Amino acid sequence: MSQTEREIRVRFAPSPTGPLHIGGVRTALYNYLFARQHGGKMILRIEDTDSQRFVPGAEDYINEALAWLGIGIDEGVREGGPYGPYKQSERRDIYREHVKMLLDAGKAYFAFDTPAELEAKRAEIPNFQYDATTRQQMRNSLTMSPDEVKRLIDEGAQYVVRFKIEPGRDVAVDDLLRGRVVIKSDILDDKVLYKSADDLPTYHLANIVDDHLMKVSHVIRGEEWLPSAPLHVLLYEAFGWADTAPSFVHLPLLLKPDGKGKLSKRDGDRLGFPVFPLEWHDPKSGDVSTGYRESGYLPEAVVNFLALLGWNPGDDTEVMNMDELIAKFSFEHCSRAGAKFAFEKGKWFNHTYLQKLDDERLAELFNPVLAQNGVDPDAFSTEYKAKAVGMVKSRINFVKDLWDNARFFFAAPTSYDPKAVKKRWNAEMPAIMAELATLLEGRDNFEAAALEPVVLKWIEDKGLHLGNVMNAFRLTVVGECKGPHMFDITELLGKDETVRRIRAGIEGIKTDE
């Protein structure tokens, strides 16, 4: 069956060795976009064969992160599916069977070299690798008699199974993004496929077996796995699966913001941006690493931002929801070069998506921020909170920014901006504000459209300076000279609260004079 006739089946296969890096999230996203565009399946496979690096909680973190971002999984540990188990540690019998297939066919061999022996050989031979040139000098089933090999295994000697790579081959890797890459088999070493110590395969064997048995049509992964592709091509041949081998796509790296090297957690710590989708609590060290969710990013903004790091839709469109990304995605518009992690652009996307958000939904997201600042969210109606955040949301990049821009709607000022006081408050202002408070107390209609002309006419009739009076008014109500339209503020606060704040300001604002 040709690739065009096969069902599109892709897999994201992370290792539960810690939090999911944002580069891994982008790989998962591209797999998902490609699968959905072609009506295919998205598989989540957990590669937990490295028992030494396993971290408790990492698998749950991966599932939670993908769910938060809206990257749907069709088959996996939680979802089930026809080709499970989807956790590699539960597939030991399958791997043993396939290791035996390679051994029986003479495509692999046992190796009993100890770590000390390997280290000694590395010291003896510069740039040593275990290959056709050196394997005859080592302790393996190619240099031992069958009886000796059997005796060692029966005695419980630890061993590995290595893939036997024949020299003198041109190995072609066809990559949908990078074209055809051809390398000589002579530069490849006899990779370890299986370790008796933990009865588990290595990445190289497990991936090939699982991709084949799970009928994966396209392996879409990071550029860092490109050097292993020739080995995987040879393994497909060794098993007799060359005709059904998946297509490869090796995605470009995510680079530091300055483009000099691969993006790391250290870059995020240094420049103040997350490199993980969710907050991560390290169970060993106790360290806490910030996440995009906890930093106030909307999942749709993160998805949009990541999609454009290494891909473009072929036009100038930037803001695209998941459905639009699915419709436009193609590898033809992916870059081969690494993509700089422009984290400031991520903030812009979040700002853009916050502006599109319904005010009631934004108010709901603001509730935890209110609570963190000592305000009971339930003390205010949803309608009130929605109107408050709606007035200031054009000024914010994150939900947490709402507190600095809207706190006066939820807590009366207890201090006043010294610079504004020096500029806008003088000896006459308390009397003027007192008269304004009396004027406002007499108004029944406190809507902005009705109140504004009354106050402005009063200022004009009194011959007062408009800017000074209005800024002093704002200072008493807000605590500083900033915020949305003044009469929109007073309409939401209401007459009693507005007048109370003016009178409190008259008592509380002190000048140096």
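Predicted model: local features only at pLDDT ≥ 70, side-chain atom pairs only at ≥ 80, totals over all residues.
Which residues lie nearest the centre of the second largest pocket? The legends below take up this question in turn.

View 1. Residues are numbered from 1 along each chain as its sequence is written, and side-chain values use heavy atoms, with hydrogens and water left out. Asp 113, Thr 114, Pro 115, Leu 118 and Val 160 lie nearest the centre of this pocket, among the 22 residues that line it. A pocket is an open set of points on a 1 Å grid over the protein atoms alone, where a 1.4 Å probe fits and protein lies on both sides within 12 Å along at least five of seven lines; lining residues have an atom within 4 Å of a point.

**View 2. Elements around the second largest pocket.** Helix H4 (115-124), strand E5 (160-163) and strand E8 (192-195) each supply at least two lining residues, and H4 gives the most, with 3 residues. Helices (H or I, at least four residues) and strands (E, at least two) are DSSP runs, numbered from the N terminus.

**View 3. The largest pocket.** Its lining comprises 36 residues, and Ala 13, Pro 14, Ser 15, Glu 224 and Trp 225 are those nearest the centre. Two or more lining residues come from each of strand E1 (9-12), helix H1 (22-37), helix H6 (203-213) and strand E10 (218-222), with H1 giving the most, 4 residues.
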